[in-house]
Amino acid sequence: MSVGIAILGSTGSIGRSTLQVLARQRERFRVVAITGHSNKDLLAQQAAEWEPAFVGLVNGGTGDGGQGKGTACLVEAATHPDVKIVVNGIVGAAGLEATLAALRAGKRVALANKETLVMAGELVARAAREGGGEIVPVDSEHSAVLQCVAGRRPTELDRLILTASGGPFRTWGPERVSRATVAEALKHPTWTMGKKITVDSATLVNKALEVIEAHFLFGVDYDHVDVVIHPQSVIHGFAEFVDGSVLAQIGFPTMELPILYALTYPERVPDQGVRRFDPVAAGTLTFEAVQPDRFPAYAVGRAAARAGGTAPAMFNAANEVAVQLFLAERITFGRIAEIIERVVEQGRPGDAGSLDSVLAADAEARRLAREAGRGAGGEAAC
Ligand code: NAD
Ligand code: MG
C-alpha cells in the first residue's frame with residue numbers, strides 16, 4: 001500500500017520539488033491532497049496530473065466538488081484521513097495551524113516551513129507529544145544534521161555547525177549592501193527558492209531562523225549551535241559528538257534529497273533523480289566566519305533566540321513584514337534589519353506556552369514593523 005501525502009504549498013518551490021521527487025517514487029507514495037495560495041492555473045495542472053482526493057486554494061477557491069478554499073483548507077488537507085505525511089512547504093506564519101493540526105492528528109510533518117517552529121517551537125513539540133505526530137526537517141541543514149545524528153543517543157551530541165552560503169552580498173561592503181535592489185537580493189548564488197527565503201538568505205535572517213529551528217528540533221542549547229559561511233553550499237551541516245568526532249553531510253545543492261529523506265526517514269530508498277556527488281567537480285571548499293557588521297539582522301535573531309518566550313515569534317513576524325515591504329520596493333534593503341531590530345527592542349516578549357500569546361506577539365510585532373516601515377525615509381505605508 002502506498003503512503004498518502006499532503007503537500008501544503010504545492011505551487012511553491014518546495015512543493016514543486018516534492019512533486020518531482022514523487023514522480024520518481026510513484027510506487028511508494030500517492031498524492032492525496034495539495035494546496036496553493038493563489039496560483040490557480042498551476043494548482044489545476046497539478047490536480048489534473050496527480051488526481052488528489054483534495055485540492056485547496058486558499059485565495060479564490062470555489063469550495064465545490066472536493067475542493068477547499070480559505071485558510072481552513074490547509075487544516076483540512078493536513079488532517080485528511082488518507083494522509084500519513086504532510087509536506088509543509090508554506091512560507092511564513094500561515095503554516096502554523098496546519099502543522100499543529102497534523103501533529104495532533106498523529107501525522108508526520110515533513111517541515112520546510114521553518115517559521116512555524118521559530119514562532120511556536122514549544123507548542124509544536126507539545127502537539128506532537130499529545131497527538132503522536134512527528135516533525136522531520138526538510139531544511140537542508142537540519143536534514144544534514146538528522147542524517148549525522150540518526151541512531152545516536154541525544155547525550156552523545158555536543159555541537160551543531162550549520163552552513164550558510166552567505167547569499168549574494170557576502171563580499172559586498174555594508175554601505176553597498178544597505179542600498180541593494182530587489183533584483184540583486186533575489187540573485188542567490190547557489191539555490192533557486194521562493195522570494196521570501198531568498199531575501200532571508202541575503203540578510204542571513206534565514207540562518208538565525210535555522211539556529212532557532214535547530215534548537216527546537218535537536219534540543220541543543222544556543223551556545224552549541226554555530227554557523228559558518230560556506231559559499232559552495234556542498235557541506236550542509238556538521239554534527240560534533242562528545243568525543244570530539246565530527247560528521248558532515250555532503251552533496252551538490254538540491255532540495256530533492258532532503259525532501260526524499262524526510263519522506264522515507266529513517267530508511268533510505270533507491271533514487272536516481274539528482275546529480276551524484278563528485279568531489280573533484282565540487283572542487284575547493286571554503287569556510288569563513290560570519291561578519292556581524294555585514295549581516296546585522298543575524299545578531300538580532302540570535303539575541304531574540306536567547307531571550308526566548310515570544311521573542312523569536314516577534315523576530316519572525318517583524319522580518320515577514322519587512323521583507324514584504326522590501327519586495328514591494330517600499331523600503332531599502334538596509335531598513336529590513338533596522339525594522340526588525342526596532343520591533344524586537346520595543347516588543348515585550350511574553351510566555352510562548354499558549355497559541356493565544358504566540359499569535360498576540362505575532363500581531364503586535366507586525367503592527368510595530370508596519371509602523372517602523374512608515375517611519376524614517378518617508379517611505380509609504382504597507
Ligand atoms: P514559495 O514562495 O516558492 O512557495 C510558498 C508556497 O506557500 C506557495 O505554494 C504558496 O502558494 C503558499 N503560500 C504562500 N502564502 C500562503 C498563505 N498565506 N496561505 C497558504 N499558502 C500560502 O516558497 P518556498 O521557497 O517553497 O519556501 C517554502 C518554505 O520552505 C519556507 O518556509 C522556506 O523558508 C522553506 N524552505 C525553502 C527552501 C527552498 O529551497 N525553496 C529550502 C529550505 C526551506
Ligand atoms: Mg536551509
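Predicted model: local features only at pLDDT ≥ 70, side-chain atom pairs only at ≥ 80, totals over all residues.
**Entry 1: the surface**

Residues are numbered from 1 along each chain as its sequence is written, chains are lettered from A and ligands numbered from 1 in the order in which they are written, and side-chain values use heavy atoms, with hydrogens and water left out.

**Entry 2: the overall build**

I looked up the secondary structure and found 16 helices and 11 strands; these are DSSP runs numbered from the N terminus, helices being H or I of at least four residues and strands E of at least two. The radius of gyration is 20 Å, close to the 21 Å that the globule rule gives for 382 residues, so the protein is as compact as a globular protein of that length. That radius is taken over C-alpha atoms, and the rule is 2.2 Å times the number of residues to the power 0.38. I also saw that 56% of the 382 residues count as buried, meaning under 20% relative accessible area.

**Entry 3: the magnesium ion**

Next I asked myself which residues coordinate the magnesium ion (ligand 2). They are Asp139 (OD), Glu141 (OE) and Glu210 (OE), at 2.1 to 2.3 Å. Glu141 sits in helix α6 (residues 140-149) and Glu210 in helix α10 (residues 205-218), 69 residues apart, so this pair links distant parts of the chain. Donors are N, O and S atoms within 2.8 Å of the metal (3.2 Å for Na, K and Ca), and water is not among the atoms, so sites may look incomplete. I checked the cover too: Glu141 is buried at a relative accessible area of 8%, and Glu210 is buried at 1%.

**Entry 4: helix α9**

Is helix α9 (residues 195-203) mostly covered or mostly uncovered? I found it mostly covered, with seven of its nine residues buried. Among them are Val199, Asp200 and Ala202. The buried residues of α9 pack against several helices, including α5 (114-131), α10 and α14 (311-327); contact means heavy atoms within 4.5 Å. Just after α9, I spotted Leu204 with a positive phi of about 70 degrees.

Definitions and conventions:
Buried < 20%, exposed > 50% of the residue type's maximum accessible area, 1.4 Å probe, protein only.
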